[in-house]
Each structure stands twice: as C-alpha cells, then as structure tokens.
Amino acid sequence: MEDNENQSRHYPVKENMRWQRIEWRIQHAGFALLLLIVLAGAAGLFSKGWLSNQSVTSPDRRLSVDYERFGRRESNMDMTLRLKQLRGDSYQLQLRGPQLDNIQLQTLQPQPDEAWSTGDSLMLRWHRRADQQEATVWIGTQPQDFGRYRVTVTLDDASSVRFSQFVYP
C-alpha cells in the first residue's frame, strides 16, 4: 500500500490533513506579518528612520523644521530648525502645543540668550550678529507620555509651521 502525504491518517500519529493545511496557512501568514513588522521598523515606522524623517517649511521659506514623525515614550527625538532672512537685533522662536508639558527638553544648541514660558508656549530669543542672515537650532526632546503631539513653531511672530508627532508607548 502506498502512503499519500496529503491524506488524513491515524497511524503512527492521528492527524487531519484539512486542519494541518489550515495551520500551515496561518504559519505562513504569521511569518509574512512578522516580516512586514520587522521591515517597517527598520524603515522607521516606530522611531528613527526613512519613514519617520520629515521636513516642513513655512510659506515664506524663512523657517524649516526637520523632525521625527514617530518616536517612543522616554526616547530621544531630534529636531533641527533652519532660520533664514534674519532681521533686527534679535530673532525669536516660539514652540507651542498643548502637550509641551509632557516633553522634556534634553538639548538646545545654541543656548538662547533669553528663554521663558507663557501658557502652552516656550519662547527662545537670541541676539543676532551684524552679519548674521541665517541660523540653525538643534533641539533634542524626550516625550514623557504616548499619543499624538501637535507642535507649532513660529519665527519672529511671522513665519510659522505646524506638524504632529506620534509617540508609541
């Protein structure tokens, strides 16, 4: 008698091939799902990476912000602010958002000459050198809670950008 691997059998082990094929399909689907999760993580869906890196620019092009769309709770998230066409004796940045209370500022370079907070805003002011037309500000933050963080950055009460970041638990 010839054994057929696709038929159910009772000896040496009882198995139902219909259910065995269903189990194999579930295993293959699970493998594909895990592979997609790993690839998405490597691409930056859960934190730093290609999918997470984002840039937004104000309509007048005086302010642009490079930031991370996705992050993790209590993990560092970086932001780079590029300022152009600076005018006057000083320039000022305002970071505003209802969730700013849940963000710890880890680094801020260069250090501002003045800093203060009002309500849900953080104000930063630097004195401008006579020949200075552009500046770059690096900010490192650490979210203390998960959820969506909506942020507005304004340069000299004129140029403004809005963006949101999603923080995973």
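The model is predicted, so local features need pLDDT of at least 70 and side-chain atom pairs count only at pLDDT 80 or more, while totals for chains, interfaces and linings use all residues. Residues are numbered from 1 along each chain as its sequence is written, and side-chain values use heavy atoms, with hydrogens and water left out.

**Overall form**
- The chain contains 1 helix and 11 strands (DSSP runs: helices are H or I of at least four residues, strands E of at least two, numbered from the N terminus).
- From the N terminus, the order of elements is α-β-β-β-β-β-β-β-β-β-β-β.
- Along the principal axes, the C-alpha atoms fill a box of roughly 95 × 25 × 20 Å.
- Of the 169 residues, 35% are buried (under 20% relative accessible area, 1.4 Å probe, protein chains only).

**Helix α1**
- Helix α1 covers residues 17-43; at 1.5 Å a residue its 27 residues should span 39 Å, which agrees with the 39 Å between its end C-alpha atoms (the expected span is 1.5 Å times one less than the number of residues).
- Asparagine 16 caps the N-terminal end of α1, with a side-chain oxygen 3.0 Å from the backbone nitrogen of arginine 18.
- Buried residues in α1 are Met17, Gln20, Ala40 and Ala43.
- Glycine 44, with a positive phi near 110°, follows α1.

Note on methods
Buried < 20%, exposed > 50% of the residue type's maximum accessible area, 1.4 Å probe, protein only. Polar contact = N/O pair within 3.5 Å; in protein donor to acceptor, adjacent residues only side chain to side chain.
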